[in-house]
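Visitor: Please take me through what is shown here, part by part.
Guide: Let us go one question at a time.

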Number of protein chains: 2
Amino acid sequence: MPSPVPDPALSRRKRPTQREVAGLAGVSQAAVSQVLNGGQSGVRIPDATRQRVLDAMQHLGYVPNVAAQRLAGGRNRILGVFTYESVFPSSRRDFFNPFLEGIEQEAAVLDCDLLLHTRPAPGHLNTGRSNTGYSNTGHTKPLSPQGHSRLRLADGTIMLGLPDQEQRADLTRLISEGHPTVFIGRRELPGVLLPYVTARYAAATAHALRALVQRGHRRTLYVGAAQRHESALDRERGYLEAVADLGISGQVLRLDDGTPHMEIMLDQQITGILFENERLADMWLSAAAHLGLQCPQDFGFALLGDPLYGAELPEGWAHSRIPRQEMGRQAVRLLETVLQGDSELSSVDLPCGWVTGSSLGRGPG
Amino acid sequence: MPSPVPDPALSRRKRPTQREVAGLAGVSQAAVSQVLNGGQSGVRIPDATRQRVLDAMQHLGYVPNVAAQRLAGGRNRILGVFTYESVFPSSRRDFFNPFLEGIEQEAAVLDCDLLLHTRPAPGHLNTGRSNTGYSNTGHTKPLSPQGHSRLRLADGTIMLGLPDQEQRADLTRLISEGHPTVFIGRRELPGVLLPYVTARYAAATAHALRALVQRGHRRTLYVGAAQRHESALDRERGYLEAVADLGISGQVLRLDDGTPHMEIMLDQQITGILFENERLADMWLSAAAHLGLQCPQDFGFALLGDPLYGAELPEGWAHSRIPRQEMGRQAVRLLETVLQGDSELSSVDLPCGWVTGSSLGRGPG
DNA sequence: GGCTGTTGATTATGCGTATTATCAAAAATG
DNA sequence: CATTTTTGATAATACGCATAATCAACAGCC
């Protein structure tokens, strides 16, 4: 079988260009481009010629130059993935991975490759050896002086994480200049329309609260982190609305990293708690234990969202599940529709899962 | 403080180019480029002019166009990452991740982004929804009809995993065509020189064996998997050499996935075992338990390499540590030297770590 | 057989930057 | 002062591709 081995003399050292392919196929460079882009602009290439060109490409091992494609205004079937640094001290790798899996799956379906954007280590240019990227730990100011500009090499970009104020300004510009961008997680920027994929945090929170109420809890508390990003706001809103809806007692507590003031539990006779994340729950539970308050007996709780640390959650903890993998998939799809320019760009929100558990306890009601 | 806010009228819709900056500063586009690139090529820009240009850039909010930079510069600053499918039933994600971390770190240092190659789902074009890429589970024939061609999008490629025969042929072609490629793990292909980064498996195995011998074991066994890829061969060799060196009794057992024949332990009065991987160790230990053989008392063992499953190894298991993250970093460095065309391309091998543990037991010696 | 419409392909141009060769003016040298 | 050297900046070009404009050949039509 005469396998299509490229001519070694031609292929050595430098990648073949459309011009060379054209030469081999006996056509013009423009024709090669047409074959590649499926005769978009009214120009027709008959099958015979198309085949000659394809053969020539195969023979030379031609592969388009992504930078040239982008510079000339075309697509290169590359989707960028960009993650902002974490605000959490623990490694975000385990957190981001499910998203990335979903992104990768759907990108494969669309026959796109992924461009994972790296950023210089915190110690600045070439000095440090610290972690970077989605496997980063700790808080840094990542972006190079170039800002987001390197993202433009891809057809579009999927972003994850929490940009700070400065980064948001830069991001706003990127988008207003027309770079197709989709966020995982709801992010709102003044002046631009930023499509996103999010989960129904409000609904999931309401669901969790109902679960507590069904177990007899009447006096409840929502414990959130001090930093309130969009999803945290959603949850708070969901909580407060559900509190009103169910006609029970509820209040919101925002916690910094210090020791929680537990008096509120005793003073207000609270028995049902919702924790925004695992870290808060850990802190609270151990502080409660110091006061002699144990979970199933003295109070019940639920966690809003899966474990952050990649490990398993302790047995019996009721919690909502964020459909991370599906969010990744949907983000790719959404980005593709943006790239098609098809419809008005909307956003997507997906339902959360729910895992019940003995941590809900049983209230006095 | 007059923060460097770009003129909103200008920033909308289209971004400024070097030409526009040049116009504002009253210089030529070439001068702007010189200012940006720090007068590399003998051309000098006096401070006064330089400052005018910088001011103009600031005023317009100029940001270089990456695509143009890379087109002109001849490099995309993109490193490809390609993983072949796993032969193991479990997800390889946890296995590959440390490598990827190292790759990402070093790529950031070199100011390169990573191109993660996705592959169409096993069900063929657009039909399936199955996993792909490094988050893949199971065994498939991934590459698109184009073969390895899309790999050439990147400046060079780092490869992981075990290519099958067909894939090796394809790979050989890719490399002989001049695509800069570095493998993580020793891979040898007939006819081409394939640089790789590997760990000193043989030395690590010898070290583990010495540890067993120091604990008094004299009759030893090496338990390896049926499939013998390069690293497995290295380990076997290291074992056999060390056995000869130490003048003890030793033999190699290659195991398929069935139940291990344990008679050998009793027949040969073996007390010290080296396991090639965690799965084999698990199988063996449970089979031994059925025969009433317990680890610390009746025999000792060590594991060659970290856990596959991403989880922790059981307490006390002695094992060697593969420097995966460092291997990832070194692979990027090696690839960079290949890209530079600097030296003759060599390969790198790194020492393994060693974690001692009670599983070594204590032999009769 | 002159006209129009279609098919198949080409030429020309632009994308934004890096770089080389070039050039004018100024400074240094004899 | 004529000539070489240095300085400061520019014009020209290449990078590889997409696309609009153009053109030649050729069919159909009255």
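Visitor: How many bridges join β9(B) to β10(B)?
Guide: Strands here are DSSP runs of E of at least two residues and helices are runs of H or I of at least four, both numbered from the N terminus, and two strands pair if DSSP finds at least two bridges between them. In β10(B), the residue bridged to L303(B) is H319(B). The strands β9(B) and β10(B) run parallel, and the number of bridges joining them is three.

Visitor: What kind of model is this?
Guide: Residues are numbered from 1 along each chain as its sequence is written, while chains are lettered from A and ligands numbered from 1 in the order in which they are written. Local features need pLDDT of at least 70, side-chain atom pairs count only at pLDDT 80 or more, totals for chains, interfaces and linings use all residues, and the kind of model is predicted.

Visitor: Which strands stand at the edges of the sheet in chain B?
Guide: Six strands of chain B form an open sheet with mixed pairing, in the order β7-β6-β8-β9-β10-β12. Two of them have a single partner strand each, so that one side of each is left without a neighbour in the sheet, and these edge strands are β7 (249-255) and β12 (353-355) of chain B.

Visitor: What does the twist average from one strand to the next?
Guide: Axes are lines fitted to C-alpha atoms, for helices over the stretch in contact, and angles run from 0 to 180 degrees between N-to-C directions. From one strand to the next, the average twist is 20°.

Visitor: Which residue of β9(B) does F275(B) stand opposite?
Guide: Strand β8 (residues 272-275) of chain B pairs with strand β9 (residues 300-304) of chain B in the parallel sense, over four bridges. The residue of β9(B) that stands opposite F275(B) is L303(B).

Visitor: Which residue of β12(B) is the bridge partner of R321(B)?
Guide: Strands β10(B) and β12(B) run antiparallel and are joined by three bridges. Within β12(B), the partner of R321(B) is G353(B).

Visitor: What angle does helix α9 of chain B make with β6(B)?
Guide: Contact between two residues means that their C-beta atoms, placed from the backbone, lie within 7 Å. Helix α8 (residues 201-214) of chain B lies across β6 (219-225), β8, β9, β10 (318-321) and β12 of chain B, at about 165° to β9(B). Helix α9 (residues 230-246) of chain B also packs on the sheet, where α9 touches β6, β7, β8 and β9 of chain B, and the angle between its direction and that of β6(B) is about 170°.

Visitor: Are the residues of strand β4 of chain B buried or exposed?
Guide: A residue is buried if 20 or more other C-beta atoms lie within 10 Å of its own, exposed if 12 or fewer, and partly exposed in between, with C-beta atoms placed from the backbone. In β4 (residues 181-184) of chain B, T181(B) and F183(B) point one way while V182(B) and I184(B) point the other way, and all are buried.

Visitor: Which elements each supply at least two residues of the surface near DNA strand C?
Guide: A residue is near a strand or molecule if its C-beta atom, placed from the backbone, lies within 6 Å of it. DNA strand C is surrounded by 30 residues, of which the closest are S28(A), A30(A), Q18(B), A30(B) and A72(B). The elements asked for are α2 (18-25), α3 (29-36) and α5 (66-73) of chain B, together with α3 (29-36) of chain A.

Visitor: Which element gives the largest share of the surface near DNA strand D?
Guide: Around DNA strand D there are 29 residues, the closest being A30(A), S33(A), A72(A), G74(A) and S28(B). Two or more residues of this surface come from each of α3 and α5 (66-71) of chain A and α3 and α5 of chain B. The largest share is four residues, and the element that gives them is α3(A).

Visitor: Is I248(A) buried or partly exposed?
Guide: I248(A) lies in the loop between α9 (230-246) and β7 (249-255) of chain A. Leaving out residues up to four places away in sequence, I248(A) touches V213(A), R218(A), T220(A) and V243(A). Because 17 other C-beta atoms lie within 10 Å, I248(A) counts as partly exposed.

Visitor: What is the phi of D111(A)?
Guide: Most residues other than glycine have a negative phi. D111(A), found in the loop between α6 (93-109) and β2 (113-116) of chain A, is not a glycine, yet its phi is positive, at about 60°.
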